[in-house]
Amino acid sequence: MISLHDQAGGPTRGDLVEQVASIFSPEGLLASNPRFEYRPQQQEVAVAVMRALVEGQHLIVEAGTGVGKSMAYLIPSILFALARKRKAVICTHTINLQEQLTQKDLPALLHILPDPFQYAMLKGRANYLCRRRLHRAIREAQGLFTSSESEELERIREWADKTQEGSLSDFQFEPDPKVWSMVCSERGLCSPKSCGHGSDFAKSHGLCFFQKARSRILSADVVVLNHTLFFTLLSGTESQETGILFKNDFVVFDEAHTVEQIAARHIGLSVSSGQVRFALHRLYNPKSGKGILTTLREPTQVEKIGRLLYESDDFFTRIEDACDDLTKEREPSGEPDESAEIAGAARRRAWTELRIRRPDLVPDTLSLGLQGLRETVAHLIETSNNSETGEELMECNRRISELKEGLVTFLGQKAEDQVYWVERSGKIHKNLSLCAAPVDVSAFLRDRLFGSESSVIMTSATLGVSEAITARKPGSQSRTPSNPLAYFAGRVGGGSARLLQVGSPFDYPTQMKVFVAGKMPDPRDPGYREALIAQIERFVTQTHGKALVLFTNSRLMKELGESMIPFFEQLGVDCFVQGTGTPRSALLQQFKEDVDSVLFGTDSFWTGIDVPGASLSNVIITRLPFAVPDHPLIEARIEAIEARGGNAFFEFTLPEAILKFRQGVGRLIRNKSDQGIVVILDNRVLVKRYGQAFLDAIPKCPVEIV
């Protein structure tokens, strides 16, 4: 293995850094492409990435919209990976960016860079068909599947003969989840020994699709995956001295502003009623009479599954009842003024997430039964004459064990420094999940990411919140200078990283103008709703549609969308409203195609969407995006700051709001020919002492108060 500091066998530090600087120069390798435009900001980012890699350092870099940051990290990553025999792990948040990297950027670089390289997309193994499990499922179909499920199994078999990749993305219509779960790759059932090169099964039936993908991943110089899979894998592996996910790798996170949120959800725990039911049905489903136990002809054990299913339903019903009782007991806290941005604007409503502050919410009537089932299955494994069935049972036991341990951990609140809550999900809110996550993920990330010998690069267009950090806090007599990226670095455990902020090459003073409503009623006032409608109508008329209207309250958004239908009909434009039945991706596509349309969106439309051109010429921000601390994680983070004597508003609530505000404004100008307006219908940017921090956080451009 070549360590980060070992220069043997490859170019020197200076060679690689100078090579990257040359590639991005006006006369460099990229300049041969007629569409290349020299951007000093892009060159600066690329050089900083390579310098961090060759020196074994970490880097957090904010690169403004239009810098071309994907090329700025891809090229140095590829060159360094090839020169030092390392593996570049490129991690993104959105599918769109993954597709851009694997279908556009990386193929283009194969033709541009002087040396060939290999790249691959890393997906979770459950995305891939396992030929060996398919073979077994067909053989045992009578005991495992109903007639309709058997038809679905046959469809998968026919598809398996045609598919090249063998992953879910190859399906025109995805298969039934239950049937797929019996034929996809699983950790304990699909291994190189049983399904890989040289295995007996592969010799007679062909190599398993996941093992093919695994071979591509292991031989690739560049691996692309998403944040969710990265942190799922990271939380399930031991710390490595010579890498993070792979031996001798390094990691680049794009869209890094989402890292803290994704990490928190995937290094905690989640045990749902649906997961328990699914695990039990895999062994035996009383309604269909199918399952692994049916293939074993074990009628005495079937009754045990039926009892456990009843006990599971009863247990989660008790959980829900206990949460309903807690909701009734808890009184609203505080008034929705400035302090409410910290303390919350709680009001009674049907809960979707409810924090649990004490252990033993309900008696544990389920884990003992799950343990008894594990012992029964263990006995069946010992007595089974079929090795494949034994492996299936072992995988069932592993999953039951994980569910049982998660259940015990949740009820006992055994994990320190974690927040616990119950979630309701699904169309009729019938799936209950017991959840826990670290209040602060920085310690975990400091150890597992930034504490490794591998370089970690994090980048996004919006990471800096300088004014929120350097502003004078109440009671303070001085300002403490701070790097604009220090807040983000602290949240993700990147205190040891180099920090770099690079502006956008766009000409914002001529491309963008900001309008701020000087007088708006308080949202609690009776006239607020009508005033908001009047302002939206005014500015939507000014641009004749082409507007993204961003809300922080989904109920208000839907009410306005309904009441403004006559206005939009009279104006002759369509208005698409999030949460009214059309999937988010379809809404966005309709908005892009219908140039004069209007889109009403909440949380997920503030970031991660790209609508260049005339379709988006107007971004209307109805309210500053202060997070209402009604999610247990946000509430717990605020409490932790206050418990140590900190100011939660200035240390958490305000920086988070500024970051999201920057992301919302950033939806407008996506290329150098875009022009448009940003409308802020919240006069707190003018009248509150923190308001200027929001205006200072966005690109300098003309501002008009209306």
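Reply: A charge sits over a ring if NZ of Lys or CZ of Arg is within 6 Å of the ring centre and within 35 degrees of the ring normal. By that rule, arginine 584 lies over the face of phenylalanine 605, at 4.9 Å from the ring centre, and the charged end of lysine 87 sits over the ring of phenylalanine 246, 5.5 Å from its centre.

Me: What should I keep in mind about the model and the numbering?

Reply: This is a predicted model, in which local features need pLDDT of at least 70 and side-chain atom pairs count only at pLDDT 80 or more, while totals for chains, interfaces and linings use all residues. Residues are numbered from 1 along each chain as its sequence is written, and side-chain values use heavy atoms, with hydrogens and water left out.

Me: OK, rings with rings now. How many aromatic pairs does the structure hold?

Reply: There are 23 aromatic pairs, where rings of Phe, Tyr and Trp (its six-membered ring) pair if their centres lie within 6.5 Å, and planes under 30 degrees apart count as stacked, over 60 as edge-to-face and the rest as tilted. One of them, phenylalanine 551 with phenylalanine 600, is tilted, at 5.1 Å centre to centre and 50° between the planes.

Me: Which parts of the chain does that pair tie together?

Reply: Phenylalanine 551 lies in the loop between strand 13 (547-550) and helix 25 (554-563), and phenylalanine 600 in strand 15 (residues 598-601), so the pair ties together parts that are 49 residues apart in sequence. Helices (H or I, at least four residues) and strands (E, at least two) are DSSP runs, numbered from the N terminus.

Me: Are those two buried or exposed?

Reply: Both phenylalanine 551 and phenylalanine 600 are buried, meaning under 20% relative accessible area, with exposed over 50% and partly exposed in between (1.4 Å probe, protein chains only).

Me: Last one, what does the chain's secondary structure come to?

Reply: It comes to 31 helices and 18 strands, and 52% of the 706 residues count as buried.
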